[in-house]
Amino acid sequence: MAVKWLPRWFFQLASPRWCYQITGMLIPWFAVVSITLVVLGTIWGLAFAPADYQQGNSFRIIYLHVPAAILAQSFYMLMALAGAIGLIWKMKVADMVAKSVAPIGASLAVLALLTGAIWGKPTWGSWWVWDARLTSMLVLLFLYLGVIALNSAIESETTAGQATAVLSLVGLVNIPIIKYSVEWWNTLHQPASFKLTEKPAMPPEMWVPLLVMVIGFYTLFGLALMLRLRNEILQRERRASWVRDLLSVKA
Amino acid sequence: MAFESFADFLNMGGHGLYVWLCYGLGLLIVVANLLLPMQQSKQVIRELRRRLRREEGSA
Amino acid sequence: MSNQQTSFAKLFVHTFKRDLVLAFRRKSELVNPLIFFLIVVTLFPIGVSPEPQFLAELAPGLLWVAALLSTLLSMESLFKADFDDGSLEQLLLSPQPLFMVVLAKVSAHWLMSGLALTLVAPVLAVMLFLPAEGMPGLMLSLLLGTPTLSLIGAIGAALTVGLRRGGVLISLLVLPLYIPVLIFGSSAVQAAITGLPLGGYFALLGALLALALALAPLATGAALRISVSG
């Protein structure tokens, strides 16, 4: 399908070889930036940001919980988007991106759930509360697990890529519906419960480190994605001549 | 600095267990997400190279 | 144009009839989800408590969960037989729009599973001491909700049709997507018991059904093409 309005690099990305090279160049930069940001954000959030007047120091879990939750959601979107691109333009790299994102996103959902649960203990007094956000995050994890299970159940790589793309798109349509319905269900059963992260405007001393952490997490897990993607490219392109050349030179 | 001393920092106003448990888990997941693909990369390269040598040997 | 419309309708009716006839030939597949529904509902008084008051409180959610599970159980067979004997491949190769074929197949399937569940549900509701005021809410919410369950389930069935062990996988794929229907369905029953207005719940369930009707056959068709070609 010839599409004129898309930039050239978009189609260059379709070439596994080009993608392998460009990620190889990007990885060191991402490593430096992401580790700097995450270390900075962690120290800032843990030691320098002021304690919350209600929750005290347990509030500092926010600097881990919120970035993990945001990334788990945006990685699902990325997975569905990459799957759609793979379906429409038959782009192999997009398929590989979608496959590589899934386990990372699932691990982030697990992190968001665990930190949410641990945070709940000092705040609500129990390890698990059927709070709207935690429940939708749990459902998001289920969606991730479904995608991963389907992908590993189908042997042919192209079929698996296409099938998971359809599933993740269906999931993407459903996420807002699930979110809305869970929130609605929650207000029905737990009126006026104490929300973990809904605060009346955080002061800058609190949200600036949070922003640093969010950006740091994006770059850090972008890095993790590139590492996985490169393995995937090598494995699927093992018969291509450039991979053979690369391997024989490296030896 | 939001804390008086290092002990205060570790204690986190009585919530030390929760905060440090969270950050420990965070570290674990971050490290796993970086190290596992790196390890896998070594494995993939080794495996592909072996395959290549086998093909060259038979050809 | 009108010619084309009549042929769409014909295609729908033809597929629908064919599936119904086939379904009636395999009666066990018709009855099994209903028996499953009955057994699951029976397990709860035995496993938890037979006390009427407690069961009445549990009943709306329990009936909905059991209906959802038995719909899911019946989904696996939706495309299986057609896949096994090759007629699915023929359907995909034919010039007829897949959307209509899928819609007809799901409708026939719903008639055999969802509608049957809706009709059996009041009996089980009585066994669970659901107050009589809840009955219309239960029946109507199931009537509006089970087609959505069938439509979403069809996507999962299409994705797993080529796999040998699709049974557990399909529930993994589909159950999370069932959550909104479960929430609105069981809330409708609860609202009916407490005498609250039901219009909003039915509007929401209807909206979900409309969305599923528009999108699920598309996704199912795409999934079938992928599964069969792969």
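## Surface and charge of chain C

Chain C exposes about 10,400 Å², and carbon and sulfur atoms supply 71% of this area. The model under discussion is predicted. The charged side chains of chain C comprise 11 positive and 10 negative groups. The centres of these two sets lie 13 Å apart.

## Fold and dimensions of chain C

The secondary structure of chain C consists of 10 helices and 0 strands. Its pattern along the sequence is accordingly written α-α-α-α-α-α-α-α-α-α.

The C-alpha trace of chain C spans about 55 × 40 × 30 Å along its principal axes. Because a compact globule of 230 residues would have a radius of gyration near 17 Å, the 18 Å of chain C agrees with that expectation. Of the 230 residues in chain C, 50% are buried. Among contacts in chain C with a separation of 6 or more, 83% are accounted for by residues 24 or more positions apart.

## Interface between chains A and B

The size of an interface is often expressed as the accessible area lost when the parts come together. Between chain A and chain B, the buried area is about 3,200 Å², with carbon and sulfur atoms giving 74% of it. On the side of chain A, the residues A:Leu46, A:Asn231 and A:Leu247 supply 18% of the area that this chain buries against chain B, more than any other three residues. In terms of contacts, 37 residues of chain A meet 30 residues of chain B.

Conventions
Residues are numbered from 1 along each chain as its sequence is written. Chains are lettered from A and ligands numbered from 1 in the order in which they are written. This is a predicted model: local features need pLDDT of at least 70, side-chain atom pairs count only at pLDDT 80 or more; totals for chains, interfaces and linings use all residues. Side-chain values use heavy atoms; hydrogens and water are left out. Helices (H or I, at least four residues) and strands (E, at least two) are DSSP runs, numbered from the N terminus. The radius of gyration is taken over C-alpha atoms; the globule rule is 2.2 Å times the number of residues to the power 0.38. Buried means under 20% relative accessible area, exposed over 50%, partly exposed in between (1.4 Å probe, protein chains only). Contact means heavy atoms within 4.5 Å. Accessible areas come from the Shrake-Rupley method with a 1.4 Å probe; for residues, only the protein chains shown count as cover. Lys and Arg count as positive and Asp and Glu as negative; His and the chain ends are not counted. The place of a charge is taken as NZ of Lys, CZ of Arg, CG of Asp or CD of Glu. Buried area is the accessible area (1.4 Å probe) that two parts lose on being put together, summed over both.
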